Amino acid sequence: MTHNIVQDSYEKLFQQAANEIKLREESSKIRIQVGSATCENAAGAREVYDEFNKHIEASGRQDIVLHQTGCTGRCSCEPVVSVQIAHQMPVKYELVNRELAHKIFSQHILGGQPVIEHIIDSKDGNLTKWEFMFCNSARCGRDLLPNFQEDLSNKLEQAGLTKGQYKVIPANCFGLCPQKAAGKAIYMMIRPSKTIYRITQIEHLDRIIREHILGGNEVKELEVKTKPMSQRFFNLYGDVSFFSRQTRIALRNNGLIDPEDIYEYITCDGFKALSVVLGKGNKEWIIEQVSKSKLRGRGGGGYPTAQKWEMVSKAAESTRYLICNADEGDPGAFMDRSMLEGDPFSVIEGMIICAYAISSNRGFVYIRAEYPMAIERIEKAVALCRQHGLLGKNILNSGFDFDLELRLGAGAFVCGEETALIHSIEGERGQPRPRPPYPAEKGLWDKPTVINNVETFANVPAIFLFSPEWFASLGTARSGGTKVFALAGKVRHTGLVEVPMGTTLREIVYNIGGGIAGGKKFKAIQTGGPAGGCIPEQYLDTIVDFDSLTALGSIMGSGGMIIMDEDDCMVDIAKFFLTFSQDESCGKCTPCREGTKRMLEIIERITAGDGIPEDIIKLERLGNLLRKTSLCGLGRAAPNPVLSTLKYFRDEYEAHVHEKRCPARKCTALSRYSIIPEKCVGCTACARNCPVFCISGTAKHAHVIDQSRCIKCGRCYQVCRFEAVSRT
Amino acid sequence: MCTCKTDNLSDIERTSELSLGPEIVEYIKTICEGPHKESQLISVLHKVQQKYGYLSMENINAVAYLLKIPAAKVSGVATFYNFFRLQQPGKFKINVCLGTACYVKGANLIADRFKQELGIDFGETSKDAMFTLEIARCLGTCGLAPVVTIGKEVFSQVTPDQVPVLLDKFRKQ
């Protein structure tokens, strides 16, 4: 009985959304899409949006719409603007500013000529007529048709298409494999028609080329009818190699929908998973599905999500709480922010599903105060959900009540730890307490509580939309699905990367990230933020999942990934993270409070050139002590950056201590600055900027540094424009 | 019998209300009607800081009185969290992001330059009361590193030499 009522309510809601979208008649219009997230706005997206708005108004055209989305995660290209015209290939522009917006509008929108030099990844300088994106992931028919890319290119050339007219792009999973047994077909999407074909034998290609490409008629028999998860994403972004190698589940709507418009989310199958779950009305079934999907907590711990839910659902106490941990404090991680800003509804949907499974009526989103835009978006989303009967009393007429409250953090890193976070929601100082009892037994106000991370919740609806088996098949034996990483540091393409568990680090750094910027040499990759470690080059072929990274002495953590090159000093990096941990230590337990301080003193001594040989041993001993005796996970993980760099880059520590030398020449106190007389033109810039006035010389004559007074601040080195200051 | 008045609770209540202003007093009243009122302490402090820019001793006492929570606890919470400020800040808040991505791209040099140009350390306010210099742990815009925010504006890929230019720009506002 309930089944029908819930389904009917959902159908009604979907119709309402579909009508609303239809009324806008956007499919026939030209759509200009501008990103709007904290990062996009910082790069100037707001001005670009206003500029387009002005142009549209001035032109008086009714057939052009301006659309805002969250961010797609291609940070180094922001602001990203895409222009979508019916029956044409969507065009994405990078680094758009006011002037370029003006040019795009007059040349592309009005004149029909794309501004080619500003298109993302447009090295070949022209737009192709056809694009063929095929799934190249291991589960698809890679073994069935091993030379697919080559065969297709050959056949296209034979059919008379020339090199510049088409592009064949190996992409990642479309999310179609659950419907038909995996490994028996290759899925391929053709643009601009957006048709997806299921190809099982090479002859199919001939038919597609003959009938579709040359004849202009789609081959209906081979066409896939269902819309897979990735269709919209690949249709818009698939030609960019940074995106085509990703599999987007948690970020499935980022950069596609307007995060402030609930109707767009609903028409993208939003809340469908919720209607299925509520319609079925079987709580054990929900937990069973999540268990089958092998979803593990994305906040860092990697605890199996279903186990957590099951514990709470079986608790004797009937008042239960649900918390979404959005206190993303790790420096270098910003995926939770992006999800909350780009697709807040999927997080809310995941939370409602969980609340139903554990019979909770009150949930909290604990979000850092440093993310004002994410707070605004989630607030709006919660209000919209309440308006549409998706939060509050009797959700979708199922009889289930659940509501969400927002709680703001106040700048304490330790509040990302679950027991500290609970204290913070209770209005206390955010300090952790010993576990057990775990929050699943005694959490918020001593009631059983589920705490999951933003990304975990964002994954939940996809499990019910596309089957848990498919979700599990994407990952490794012990962890299903994908993980979002925030790629930053010295890599060419920085941004958000969502890849299946089991992808190698090398694939992420080189194929997606584009390798090291500026032709420098790769040195290490730091994963997991201040609690993680540095992984050197020889382990680049390690796959990412919770267990393999832990084995290397690092952690998956929340997914920060900082790439470092030959210019980075590993002792300095360890010092950086330790400074952070020491500063953020809440002070409750002695090992962390005192230990991080003493470790930092030692490491500062080493980088200042005052290190003694025992220091390295002392660091190691103290680090291991902290690991064993600290109260919470943060304290136990605080020495990781030091211990992992000691493990893999011990020679750098030894050079600092024994030779008083910094191999990367980063530690200024260990450098010696001098002026090369041949290169010095006597511009006096160094002398004017020297804080201790130890540089002498007259204008237009070579200057000299008085070594006895030099404090090695490096200022002269930075200001010299003639490379006349040498640092050794 | 002694007639001196020791019950000054109504006076304290009046000064507390005056100190916080009607909106916050109203907000506290609605909280006190709901469940778990003490759990809203942090959100009350957020509201106070939003209005006054910092948490003064008077306001901390006032919040404690109206929420019926010991002042020691309120001040304990206010001092625990980095976000709360106990001194009046300058006109513009400068946040130099020292997150990992910014750090490897040289944010420490930018931080040093701000300190040098303003002659103050982190957490301090310049003599002309224009700028308060602070460290941000990570603004989550790592792709644009190094990042600095001044007031409500965000500046990306900042170099040390831009620092004096940026300061001048805000001094003129």
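Reader: Start with confidence. What is the mean pLDDT of chain B?
Author: The mean is 89 for chain B, and 97% of its residues reach 70 or more. Keep in mind that this is a predicted model.

Reader: Which elements of chain B have the lowest and the highest mean pLDDT?
Author: Helix α6(B), residues 100-104, is lowest at 81. Helix α5(B), residues 71-80, is highest at 95.

Reader: Good, stay with α5(B). How does α4(B) cross α5(B)?
Author: The axis of α4(B), residues 57-67, comes within 8 Å of the axis of α5(B), and the two cross at roughly 125°. That angle makes α4(B) oblique to α5(B). The crossing is right-handed.

Reader: Which residues make the contact?
Author: From α4(B), they are I60(B), N61(B), V63(B) and A64(B). From α5(B), they are A71(B), V74(B), S75(B) and A78(B).

Reader: And how do they divide by class?
Author: Six are nonpolar, two are polar and none is charged.

Reader: Over to chain A. What is the strand order in the sheet with β5(A)?
Author: The order is β6-β5-β7-β8 in chain A. This is an open sheet of four strands with mixed pairing.

Reader: Why is one side of β6(A) and of β8(A) left without a neighbour?
Author: Both stand at the edges, β6(A) being 166-171 and β8(A) 195-199. Each has a single partner strand, so one side has no neighbour in the sheet. Neighbouring strands here are turned by 20° against each other on average, direction ignored.

Reader: How do β7(A) and β8(A) run, and how many bridges join them?
Author: They run antiparallel, and five bridges join them. Strand β7(A) covers residues 186-191. One pair to look at is M188(A), whose bridge partner in β8(A) is Y197(A).

Reader: Which helices lie across this sheet's strands?
Author: One is α5(A), residues 148-158, which lies across β5, β6, β7 and β8 of chain A. Helix α5(A) runs at about 165° to β6(A). Another is α6(A), residues 202-214, lying across β5, β7 and β8 of chain A. Helix α6(A) runs at about 155° to β8(A).

Reader: What about the sheet with β1(A)? Which strands are at its edges?
Author: Four strands form that open sheet, in the order β2-β1-β3-β4 of chain A, again with mixed pairing. The edge strands are β2(A), 64-69, and β4(A), 91-93. The twist averages 20° from one strand to the next.

Reader: In what sense do β1(A) and β2(A) pair?
Author: Parallel, over six bridges. Strand β1(A) spans residues 30-35. V34(A) stands opposite Q68(A) in β2(A).

Reader: Back to helix pairs. How do α13(A) and α17(A) cross?
Author: Their axes come within 9 Å and cross at roughly 50°. The two are therefore oblique to each other. M335(A), D336(A), M339(A) and L340(A) in α13(A) meet V454(A), E455(A) and A458(A) in α17(A). By class, that contact has five nonpolar, no polar and two charged residues.

Reader: What is phi of L396(A)?
Author: Near 50°, a positive value in a residue other than glycine. L396(A) lies in the loop between α15 and β11 of chain A.

Methods. Residues numbered from 1 in each chain as written. Chains lettered and ligands numbered in written order. Predicted model: local features only at pLDDT ≥ 70, side-chain atom pairs only at ≥ 80, totals over all residues. Heavy atoms only, no water. pLDDT = per-residue confidence, 0-100. Pairing = 2+ DSSP bridges. Axes fitted to C-alpha atoms, helices over the stretch in contact; angles between N-to-C directions. Contact = heavy atoms within 4.5 Å. Parallel < 35°, antiparallel > 145°, perpendicular 65-115°, else oblique. Left-handed = near helix turned anticlockwise from the far one by under 90°. Nonpolar A, V, L, I, M, F, W, Y, C, P; charged D, E, K, R; others polar.
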